[in-house]
Amino acid sequence: MTRRVYLDSNATTPVLPEVLDAMRPYFSEHFGNASSIHHHGQETRSAVERARESVAALFQCRASEIVFTSGGTEADNLAIFGLAQPGDHVITSTIEHHAVLNACKHLEAMGCTVSFVPVDRRGLIDPEDVRRSVRPNTKLISVMFANNETGVVQPLAEIGKIAAEAEVYFHTDAVQAAGKIPIDVHAIGCDLLAISGHKFHATQGVGALYVRKGTELEPMLYGGRHERSRRAGTENVPGIVGLGKASELARTGFDRHDDQKMAAARDRLERELLKLEATGLNGEDAPRVPNTTNIYFDGIEGEALVIALDLKGLAVSTGAACSSGAIEPSHVLLAMGLRPHRAKASIRFSLGKQNTSEDVDFALGAIPETVARLRDLSPLWNRVPTRIT
Amino acid sequence: MSGGVDSSAVAAMLRAQGRNVIGLTMQLWNQRRLAGHEGMPESVQGRCCSIDDVYDARRVAETLGIPYYVVNHEERFERDVVRPFVEEYLAGRTPIPCSLCNNHLKFDQLLIVARQIGADQIATGHYAQVAFDQQLNRWLLKRPADRSKDQTYFLFGLTQEQLSRTLFPLGGMTKPEVRELARKHSLVIAEKPDSQEICFVPGGDYKRFLEAYLTEQGDRPAEVAGEMVTTDGKVIGEHAGVHNFTVGQRKGLGVATGSPLYVIQINNDTRQVVVGKDEELYSRTLRARRVNLISTPELRQPMAVAVKIRHKHQPAPAIIEAAGPDEVLVTFDQPQRALTPGQAAVFYDGDIVVGGGWIENPR
């Protein structure tokens, strides 16, 4: 049996045993519809509300400001389509996740105008670019918290100030930041913040949107008056309970400085890999979440490296997988100014709470020899005698 | 693995032999890219590289319990197959994209990826045979047992290095046997119809594809229209573009005369399409360029072979002789109909592929 090590936690994470334990009674034992008035409904209603409090506590907001959704994509879409109307102007960035990027492209089709703010070579947005993009009809600024591919954390507090001064709504896709670094919605000054459960050890299919009290948000789904009429549909009780537990675990983790330990493991992996010839860090000199590193290995196709490593038992990723599973060059790395060949030679390593120091050892054992073999067989690598890029 | 019967059966066979098999699908063309463009079909179901085919290939890999990956080579495919395909038509030739794909993608890029991920060889669902000949000290490409499925015509460009790392497990089988094997392994694709046409050209309508692609690229050449002339130089009409014609074509010439007319030649320099009678289509010689030799390192003296000038052509006896670097002069025993520039001339010695090259414009 091949030993398998998973370093792709920005794609998804395993559900932690404590989370699964918390969820387990809510399948067959406490199965009530949280809207029902009887005992069964009361049981699950209180579980949902306890979970709401745990999630709110992770972001320093009120429980009533949390709307549960089916995931990060729905939360992002609710924030964007819940606010922007035809004729409005929206500001976002070029490195957003497709949940925001394609939603904003659809806004354009609906009759909104959208400004896509660029990033510098570190992957950082200049808040002044955001300020300069504000127009009289700007309705919303949507900038991600941490990038899914590089882990780079954006200067959100500054953007929040700009939004407040301009009296523009400010949404952040915090899917890759939630549970990884402490978040305080007031410190950022955001009106909306989207999270996804499975990125921090809850299940796939649950997420949440923080909606600051007083924000006038149109629902996307029409139906019953669930979630204060912001999101119709019977609650995913086990998923929500899991999200609450994962939020609680994330908070206690910060108290134990788990994030610093993870950063240390990530840094060791990164340091060793950067010792290899013709490699480099994408997002260098920028603040990053503690679990992510994105490294280019010149002269290889990232796609082949991902496959070769998977066959050796190491799961990592590159770019964004399209519907067929093939890899397209990363829009994030291209936006940072990487040449396409280097963008395609880049690999993302992302750790989770489940990873051990042995996992990093395993990766460090597998990667150098695999990179060497790929380069030996690469026409790209062998064509450049000086290997200066 | 295309998601079709042949490559799926190959995976099943090799797996049954206990070999360490990895399934790869090449994503070569985004079928949605030109959908809805200039009368192109909106729906692209059941096409190569469609999501359905990738889904089928993945299901087969799951059934067989082999690792499976999709690798994206869209950029190379466009550069080395699609663009040359378009340019050949615009230059009045009739291209064979499948050969280019074999030379530049399947047995080049895919082989590199295969070796990079730790494989020694690639196996494909082509109907052909490959064998090492001790005496000649060369890898040979041979026609398959099922002559009706023979794909060696598209494989003449393979080098010794490529052949040495290639397996064609279907070479000894007939198509019904291959289907039976797929059924035996309970593969979901066992009854899937064969693909017939050029994978990136929906419905086989290459003219519509050219229009859509050129529009998308915004580089429509100014001059493709020209005169329609007879073999004795008489102008009898005009045509909208040389890419609408292929040598030997009879229908759609847009001129009416008493006797049937055929395209005899397309002159790219003058944009003239030369038409004439059927008997004028026959010629005895052709020049093949960019020749690749397989069974012999060089042609030191003239050699008697059988030459195939298009996929469905019955190989015709001919003498081949070297006529310059990478160039071969082919002289047929009997005149052959419609030697078409852009197609390949592939030389056979019995079952063995001697080599082949690209048919050039007559001068």
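What pLDDT does chain B average, and what share of the residues score at least 70? Chain B averages 91, and 95% of the residues reach at least 70; pLDDT is the predictor's confidence in each residue, on a scale from 0 to 100. Where pLDDT is low, the predicted coordinates should not be read in detail. For the complex, the predictor gives an ipTM of 0.85 and a pTM of 0.90.

Some conventions. This is a predicted model, in which local features need pLDDT of at least 70 and side-chain atom pairs count only at pLDDT 80 or more, while totals for chains, interfaces and linings use all residues. Residues are numbered from 1 along each chain as its sequence is written, and chains are lettered from A, with ligands numbered from 1, in the order in which they are written.

I will start with chain A. It is divided into domain 1 (5-13 + 257-383) and domain 2 (17-253); domain bounds come from an automatic or database domain assignment. The C-alpha centres of these two domains of chain A lie 28 Å apart. Between them, 26 residues of domain 1 of chain A are in contact with 27 residues of domain 2 of chain A, where contact means C-beta atoms, placed from the backbone, within 7 Å. On the domain 1 side, α10, β10 (292-297) and α12 (331-335) of chain A each supply at least two residues, and the largest share, three residues, comes from α12(A). Helices (H or I, at least four residues) and strands (E, at least two) are DSSP runs numbered from the N terminus. By class, that side has nine nonpolar, 10 polar and seven charged residues. Here Ala, Val, Leu, Ile, Met, Phe, Trp, Tyr, Cys and Pro count as nonpolar, Asp, Glu, Lys and Arg as charged, and the others, Gly among them, as polar.

Next, chain B. The assignment gives domain 1 (5-125 + 171-206), domain 2 (222-276) and domain 3 (282-359) of chain B. The C-alpha centres of domain 1 and domain 3 of chain B lie 28 Å apart. Their contact takes six residues from domain 1 of chain B and five residues from domain 3 of chain B. The domain 1 side has two nonpolar, two polar and two charged residues.

Now the interface between the chains. 14 residues of chain A are in contact with 15 residues of chain B. On the chain A side, α11 (302-311), β13 (327-328) and α14 (357-376) each supply at least two residues, and α11(A) gives the most, with five residues. That side divides into eight nonpolar, three polar and three charged residues.

On to the cores. A nonpolar core is a set of buried Ala, Val, Leu, Ile, Met, Phe, Trp, Tyr and Cys residues joined through C-beta atoms within 7 Å. Buried means 20 or more other C-beta atoms within 10 Å, exposed 12 or fewer, and partly exposed in between, with C-beta atoms placed from the backbone. The largest core has 126 residues, and those touching the most other members are A:Leu305, B:Ala9, B:Val275, B:Ala345 and B:Val346. Beyond its neighbours within four places in sequence, B:Val346 has contacts including B:Phe156, B:Val307 and B:Val353. Another core, of 90 residues, lies apart, with A:Ala47 and A:Leu101 among them.

Last, two backbone details. A:Ala278 is not a glycine, yet has a positive phi of about 55 degrees. A:Ala278 sits in the loop between α10 (258-273) and β9 (279-281) of chain A. B:Asp326, also not a glycine, has a positive phi of about 60 degrees, and lies in the loop between β13 (316-322) and β14 (328-337) of chain B.

Definitions and conventions
Two residues are in contact if their C-beta atoms, placed from the backbone, lie within 7 Å.
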